[in-house]
Amino acid sequence: MDKNKECYLIKDLAPAYIDNMVSIESKDLIEKHLIDCKDCKEYYNNMNSNIFQDIDKEKTDDLYEFNHLKKIRNHMNYLKISILIIISVIIFFVVGIIIKCNYTNHVFEMSYNKIEELKNLDNYVLIQKTTYKDLKERSGFETTANYYYKDGKYKVVSTGNDINYDNSIDELDTSITYMEDDSLNKIVVFEDLKQIAYYYNQGFVEMKKGDVFEIFTDVINYKRNYTKFSMLGLSIKKKKIDGITYYVIRKDMDNFYKEIWINKDTFTITKIVEESYNNYYREVNYEILVNTVTENDIDTSTLNTDRYKDYKVNYIDNSTQNIWGIKEK
Ligand SMILES: [Zn+2]
């Protein structure tokens with residue numbers, strides 16, 4: 001065979017040889033030729049390294065694809081973890097909000113039940129002290145109302161004074177009101193005016209047992225008019241003052257806040273604070289004393305004693321809107 005033709009044939013067989021797809025006879029022939037022919041040997045070497053390069057490239061491609069898949073997988077894992085964290089945080093907050101709403105609702109519920117319980121008392125004094133400050137006018141007042149109750153009879157003693165920022169004090173009217181359960185009548189003693197007014201048929205003010213405790217409108221309204229989720233806008237905290245722990249339920253708005261202080265052990269309302277910033281500040285403190293009222297505290301016959309002998313007496317019938325008698329003693 002002509003050298004060129006043989007070389008041509010050997011080169012032609014190269015891919016088959018490299019892939020080990022040639023017969024033993026061809027293999028012998030090729031290898032014999034490669035010992036003698038520099039040119040073909042070079043050709044085979046080149047082809048082999050090209051193949052290796054191809055194989056390397058494939059490997060690199062595979063590796064690249066592998067890394068890429070790994071990256072996607074990592075990315076997916078990262079996304080999964082992020083979503084899990086976000087969901088956990090949301091669940092945490094929702095559960096937190098539900099717990100807080102239930103907690104606040106529970107405190108209101110217990111306080112409401114306490115009010116219902118107080119309404120059944122036959123002997124108590126409810127002391128209500130109010131401080132009001134007008135933050136614009138720099139003035140204000142303090143009032144105290146003591147509600148005495150014993151076996152269906154009331155005596156309400158109201159006193160108060162102005163607070164002036166120059167520290168001067170103006171006394172407000174002091175009055176004593178006598179009432180009874182299931183009655184349309186009342187007697188009011190105006191200490192400063194030295195007058196006693198007997199009102200008949202008040203009509204719209206018929207006292208029922210326990211009505212005095214309707215004064216706690218904040219808790220009563222929540223219980224009657226709101227759902228658990230109305231508690232969303234409220235915060236609740238425990239505060240300890242002088243060894244007594246209180247639940248402080250607070251509502252905050254742009255320029256206003258209100259706090260209801262409830263004794264943790266008795267669930268009675270002890271304080272209500274509200275402030276409209278740069279406008280007014282109002283604080284009402286409550287105290288309830290049980291079984292301290294005596295017959296003397298609610299006895300109207302004291303009105304006939306010497307202490308009141310100089311007082312003018314008015315008889316007022318609200319059903320006719322007439323003052324039908326003014327009696328001067
Ligand atoms: Zn050759």
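This is a predicted model: local features need pLDDT of at least 70, side-chain atom pairs count only at pLDDT 80 or more; totals for chains, interfaces and linings use all residues.
Next I checked the length of α1, which covers residues 3-18. How far apart should its ends be? At 1.5 Å a residue, its 16 residues should span 22 Å, and the end C-alpha atoms are 22 Å apart, so the two agree.

Then I looked for bends in α1. I found a kink of about 35° at D12, shortly before the proline P15.

On to the partner helix, α2, residues 24-36. At what angle do α1 and α2 pack? I got about 120°, with the axes 10 Å apart. That makes α1 oblique to α2, because roughly perpendicular stops at 115 degrees and roughly antiparallel needs over 145. I also noted the handedness: the two helices cross in a left-handed way.

Which residues make the contact? From α1 I listed E6, I10, L13 and Y17, and from α2 S26, K27, I30 and H33. Sorted by type, the residues of this contact give four nonpolar, two polar and two charged.

Note on methods
Residues are numbered from 1 along each chain as its sequence is written. Helices (H or I, at least four residues) and strands (E, at least two) are DSSP runs, numbered from the N terminus. The expected span of a helix is 1.5 Å times one less than its number of residues. The bend at a residue is the angle between axes fitted to the seven residues ending there and the seven starting there. Axes are lines fitted to C-alpha atoms, for helices over the stretch in contact, and angles run from 0 to 180 degrees between N-to-C directions. Angles under 35 degrees count as roughly parallel, over 145 as roughly antiparallel, 65 to 115 as roughly perpendicular and the rest as oblique. A crossing is left-handed if the near helix is turned anticlockwise from the far one by less than a right angle, and right-handed if clockwise. Two residues are in contact if their C-beta atoms, placed from the backbone, lie within 7 Å. Ala, Val, Leu, Ile, Met, Phe, Trp, Tyr, Cys and Pro count as nonpolar, Asp, Glu, Lys and Arg as charged, and the others, Gly among them, as polar.
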